[in-house]
Amino acid sequence: MAKDIILLGPPGAGKGTQAHRLEAEHAMVQLSTGDMLRAAVKSGSDLGKQVQAVMDAGELVSDQLVSDLIDDRLDQLGPDTGAIFDGYPRTEAQAHALDDLLDRRNRKLDHVIELEVDEEALVDRITGRYTCARCGAGYHDRYKQPETAGVCDECGSEEFKRRPDDNEETVRKRMADYRAKTAPILPLYDARGIVTRIDGMGSMDAVQAQIEEVLKA
Ligand code: AP5
């Protein structure tokens, strides 16, 4: 039976990293609003032009816009494939919108997994992060370098890129938004008994092992 889950945590908590690992092990698909918005910016579409400055400043784009993106993606998801919501919902309005979107499809949230992290360490994680420009594989200046320096392990490309919003000032703005707007949605899910808090400061493998335990429940 497919499970629908939310990975929740501040910027750099490891949501994207763990979502990719879950996709490799389970019939689950990552639905990252950040990735969808970045793809729109890259394509130069009207949507991309509309959101680029907001994202570069570390601000949140509109609730309606991201919920519409998720609505479209859920249409493409078969009943046997689970959704990993990554970076969505981020506000109370988005949390209610997600409930509606799932209800309409006879789906329900099975787990909300909060990655508990030390925010100062996250600044270090984020400012060291980069990805392969061709396939999107994720790397880090200190924690995950390619096996051969300058060559992507996954596709052999020698081109890498960094996100424009991965600078310290913007990261701190995004973290403040997480505390003010996203963390307050947790009680909604606590009331349903579906939240598990896990230690997000261990190694990537250790975090993954904790998430796998949650999925067995
Ligand atoms: P989004 O792309 O969602 O960014 P974010 O939430 O800030 O999260 P990140 O992608 O920065 O972090 P992550 O938790 O995925 O960490 P990662 O796994 O990469 O959003 C970007 C922007 O889009 C927003 O600011 C906003 O403008 C807009 N937006 C998106 N969704 C929206 C919404 N719903 N509503 C409104 N606006 C929205 O890991 C980070 C680094 O650490 C990597 O280098 C990784 O290799 C490393 N790492 C990961 N885990 C570990 C570990 N255990 N140990 C050591 N290193 C680790």
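Two strands are said to pair if DSSP finds at least two bridges between them. Strands themselves are DSSP runs (E, at least two residues), numbered from the N terminus. The structure described here is a predicted model, in which local features need pLDDT of at least 70 and side-chain atom pairs count only at pLDDT 80 or more, while totals for chains, interfaces and linings use all residues. Residues are numbered from 1 along each chain as its sequence is written, and side-chain values use heavy atoms, with hydrogens and water left out.

**Strand β1 and its partners**

Strand β1 covers residues 4-8. With strand β3 (residues 82-86), β1 runs parallel, and 3 bridges join the two. Within this pairing, I6 stands opposite F85 of β3. Strand β4 (residues 109-116) also pairs with β1 in the parallel sense, over 5 bridges. There, L8 has E114 of β4 as its bridge partner.

Is β1 buried or exposed? The strand is mostly covered, since 5 of its 5 residues are buried (under 20% relative accessible area; over 50% is exposed and anything in between partly exposed, with a 1.4 Å probe and protein chains only). In a regular strand the side chains alternate between the two faces of the sheet. In β1, D4, I6 and L8 lie on one side and I5 and L7 on the other, and both faces are covered.

**Aromatic pairs**

A pair of aromatic rings is described by the distance of the centres and the angle of the planes. Rings of Phe, Tyr and Trp (its six-membered ring) pair if their centres lie within 6.5 Å; planes under 30 degrees apart count as stacked, over 60 as edge-to-face and the rest as tilted.

| Pair | Centre to centre | Angle between planes | Arrangement |
|---|---|---|---|
| Y130 and F160 | 5.5 Å | 80° | edge-to-face |
| Y139 and F160 | 5.8 Å | 80° | edge-to-face |

Because Y130 lies in strand β5 (residues 129-132) and F160 in strand β7 (residues 160-161), their pair ties together parts that are 30 residues apart in sequence. The pair of Y139 and F160 likewise links distant parts of the chain: Y139 belongs to strand β6 (residues 138-140) and F160 to β7, 21 residues apart. Y130, Y139 and F160 form one aromatic cluster. Y130 is buried, at 13% relative accessible area, and Y139 also counts as buried, at 4%, whereas F160 is partly exposed, at 26%.

**A charge over a ring**

A charge sits over a ring if NZ of Lys or CZ of Arg is within 6 Å of the ring centre and within 35 degrees of the ring normal. The charged end of R142 is placed in this way over the ring of Y143, 5.8 Å from its centre.

Key. Helix = DSSP H or I, 4+ residues; strand = E, 2+ residues; numbered from the N terminus.
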